[in-house]
Amino acid sequence: MADVKTVFINGVEYPFDAGQTVIQVAHENGLDVPHYCYHPGLSIAGNCRICMVEVEGDAKPQVSCKLECAPPPWVSEPLRIQTESELAKSARAGTMEMLLVNHPLDCPICDQAGECHLQDYSYQLGQGQASSSTAKTKLPKNVAFGEKIVYDAERCIKCTLCVRFCEEVTETNELNLGGRGDEEIVIMSSKGEFETDYSMNIIDICPVGALTSRDFRFKSRLWFMDFADSVCTGCARGCNVITGGRNGSMMRMEPRHNADVNQWWMCDQGRLDYRYVNTPTRIATPRIKTADGVWAAATVDDAILAAAAALKAAGGNVLVDGGCTLEEMHLAQQLAAALGGKATYAAATGEADGFLRVAEQGANAAGAELLGLARATKAGAAAVLVVERDANVPQALRDGADAVVVFATDADHVPASAQVVFPFGSSAERDGLFVNTDGRVQVAQRNPGIGPDNLTPPYELLEEILGELDAGYDWHGRDGIVAAIQAQPAFAKISLPAAQATAEVGATS
Amino acid sequence: MTAKKKAAAKKASTKKASAKKAAAPAKVVRAADGSYPETRILSANFGVKDSWTLPVAKKNGAYKSLEKAIKTMTPAEVIDEVKTSRVRGRGGAGFPTGVKWGFVPTDTDKAKYLVLNADESEPGTFKDRFLMELDPHLVLEGCLLCAYATGLDVIYIYVRGEYPLSIARLEGAIEEAREAGLLGKDILGKKGFNVEAHVHPGAGAYICGEETGMLESLEGKRGHPRIKPPFPAVEGAFGCPTVINNVETLAHVPSIIEHGGAWFGDLGIAPDPDNPRAMGSAGTKLMGLSGDIKTPGCWEFEFGITVRELIEQYGGGALDGRTIKAVIPGGLSMPVLTADELDVPMGFDALVKVGSGLGTATAIVMDDACDMVEACENIAHFFADESCGQCTPCREGCHWMEKIFTRIKAGDGTPADLDLLEHLFVNIEGRTICALADAAVWPLRSILRKFRHEFLAKMPGHADPHAADAKASDAAAPVGAK
């Protein structure tokens, strides 16, 4: 066999690895080859036929998802591929036309609108005029795939990504195809429920609006939402996610590809865990307890002064949620030192599922250990309490702390002892660094569409309080905080991302 | 032959002179009266009492070739003999069988399988059924010769589920063969020659006659054709090297081994030395007729008989008072021939040359009472119904075509629909994993082009926008032409 190691795509020569197909090399090099049924994490089906390209010298267009870059053994020259030639474009346009002939075109009420490949490629390849005047094929709609997913067979393009996901990733085989021809549909096993807790990933990989989330259905148009790259704080795996929110509410969370952490996936539990963010008892502004024991809203500055005053009187320890960022935990240590106490963290322990979910529920427990925070295993006194999740810092710990200054997301989590309360953003609302169960440092970015307006980042509040304590603390800003953490011996072999680089995506509004 | 027929034949032969000249000379043994005789090799035992039982089959020479191969030939010699015979696959594609066997790896640790394609789901096709019902031991012997030649372990016979008698006779033959030591361990005393055979009935899907759809079905999965490569010879059933042959193909092998590949190669139509793609049509072939003729049936001929001879001499010609309008020569999936295109030999290359194909060599005849628009609706419906649904162009396109033909039939069509159909043909043919979509397009496109007037006749008040160039349309475009 000739030793061909390159492939020409649109006249440009690219190297390839053994076994790579044309679409893989094209995508690696930033070339946009449309695809529906291709997914880098699943086997190749080659059925949607939208990724067809021209192979020079071949009258028949080929699907680039399956076409190996290595030429057949009897060819000694690199393959020459055209992705934008007349043949390639007309072949793809022909497929597009077929995909739309029975598609309901109900984009105005489809949740996928705005992130739909069918819309995108229709925009690129579609024609201005419908070529079919016959009635569309009617297929089942609003079919429940378990409790969390709704299937629409008319929108479905039968790419089989969902079927292959359940076969290859979860190996639970809940889905298959039924029927033939244009009456083919995806069907669910007779159990009617997914065995896997990863079922909602099929909603993400569905290239069209055939699979929608019962949780997110009809909640919001995507173009009104804000998105930010973050990490899931449901357990210590730290699956990379994209948070989506609008007008202060968190709407959804979807996995973001990270080959080393979660590949393309996340568990349903973590995905749906976000709902605590939207609790009606959210704390939106700082509060100070007046002399007669009544809560009064306060400005941030007044609350900082009140907190500093209360802490000077009380002194003592700091107890933080295991889902706090490295920056917050570091400042908690500084604060505890200033108060003559120790900083500890609290985190729940759950059950590992053998795939992504790990038993450790403190999203940053590994970070806390690196910083040298001890794990709080039983109730103990702490002047400062930081609670993001009830699960990590349960009531017994909260009440047992007898804290005077409390950072909390939910008013229901504020113990009676509190004198000053600060609103604490949920994990979707705070910039910061997390160390996951494998010791990998990851960046969470604040989503401006989620949480109360004008939420002051907790690291700023903590620095301000430290400044007011007259303990000689200099204001660092986030870069300075990260630099201070980086300087610690435990972080000598870990490279923390610069804070500035982490803030870019957050500002999407 | 009547004077009229002779004149017609003469006319046709002048018309096709150029085509015939280029074609390889057909070795045709006609009887003195000009008729084309049957040559019964595969069908030698058809009609013999209890021909499907082992004692009768043995009396007529069954398993002699297997014994000869095992005792006097190496597996490689068997493959060479099959290569020499130039026998081509009888399932429709016409791939050289010996070459296919040669692809099976000899240095593998994996099990090797033969999957005998006995699904015979192509409309109009009923030739393999005769072999399975009347001479199952010939089929089984062919399978065993293939097993010996390629060193395979298990024979799966994937039989059309609607053929209960074929299933019963094959199962009976397997049982008899096992008892006679022709299946199982150390077959015919040959140490290490161990082969098992199983019958696997299909459940009625056309697509399971497609070789990789059949493999999926055999494995207990949905019959979705696989994307190739890997080819079945390397990775077929259960991920192992697999030979897939048609029933009739393997039924030829015993006589090839008995009389030699050269003997077989001398029968039929020789290859064209000037055209490497015209590999000739060696041997004999079961040919069938159905449709608008007096005597439908199945016969065996040396390749060379023309479509017209087959219809006139064996099919009894058109029904009284009717005239033949069109013939699809091989199953349903081939482009149609018009009445004046029938003087072409039933052969792989000759039919391709006139824009059609041999397919399964079981012709469907349509006479002047057949409405070609209705025929198209019927054909489109079949493929739309049988499309497995895997690839977009076939899944959506076949039913779309059917809807258009239905509209034209109802009188609601316009000439723009004919343009739309041509547009769809381009976007369906050659754009899918398997050939079902091609099989749908070929007959439909050829009927639309050759009988365009019938479509326009259903559109009163509409002028044909392409009237001027209608004549120039490539009525005889080669298979696969756009």
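Trainee: How many residues of chain B are in contact with chain A, and how many residues of chain A are involved?

Mentor: Bearing in mind that this is a predicted model, 27 residues of chain B are in contact with 27 residues of chain A.

Trainee: Which elements give two or more residues to the chain B side?

Mentor: Those are helix 15 (372–386), helix 16 (392–409) and helix 17 (415–428) of chain B, and the largest share, 10 residues, comes from helix 16 of chain B.

Trainee: And how do the residues on that side of chain B divide?

Mentor: On the side of chain B that touches chain A, 10 residues are nonpolar, nine are polar and eight are charged.

Trainee: Switching to helix packing, at what angle do helix 5 and helix 8 of chain B pack?

Mentor: Helix 5 (residues 75–85) and helix 8 (residues 136–150) of chain B pack at about 120 degrees, with their axes 7 Å apart, which means that helix 5 of chain B is oblique to helix 8 of chain B.

Trainee: Is the crossing left-handed or right-handed, and which residues make the contact?

Mentor: The crossing of these two helices of chain B is left-handed; helix 5 of chain B contributes B:Pro75, B:Val78 and B:Ile79, while helix 8 of chain B contributes B:Leu145, B:Tyr148 and B:Ala149. The residues of this contact divide into six nonpolar, no polar and no charged.

Trainee: Last topic: what domains is chain A divided into?

Mentor: Chain A has domain 1 (6–99), domain 2 (105–125 + 132–278) and domain 3 (287–508). Between domain 1 and domain 2 of chain A, the contact takes 15 residues from domain 1 and 16 residues from domain 2.

Technical notes
Residues numbered from 1 in each chain as written. Chains lettered and ligands numbered in written order. Predicted model: local features only at pLDDT ≥ 70, side-chain atom pairs only at ≥ 80, totals over all residues. Domains from an automatic or database assignment. Contact = placed C-beta atoms within 7 Å. Axes fitted to C-alpha atoms, helices over the stretch in contact; angles between N-to-C directions. Helix = DSSP H or I, 4+ residues; strand = E, 2+ residues; numbered from the N terminus. Parallel < 35°, antiparallel > 145°, perpendicular 65-115°, else oblique. Left-handed = near helix turned anticlockwise from the far one by under 90°. Nonpolar A, V, L, I, M, F, W, Y, C, P; charged D, E, K, R; others polar.
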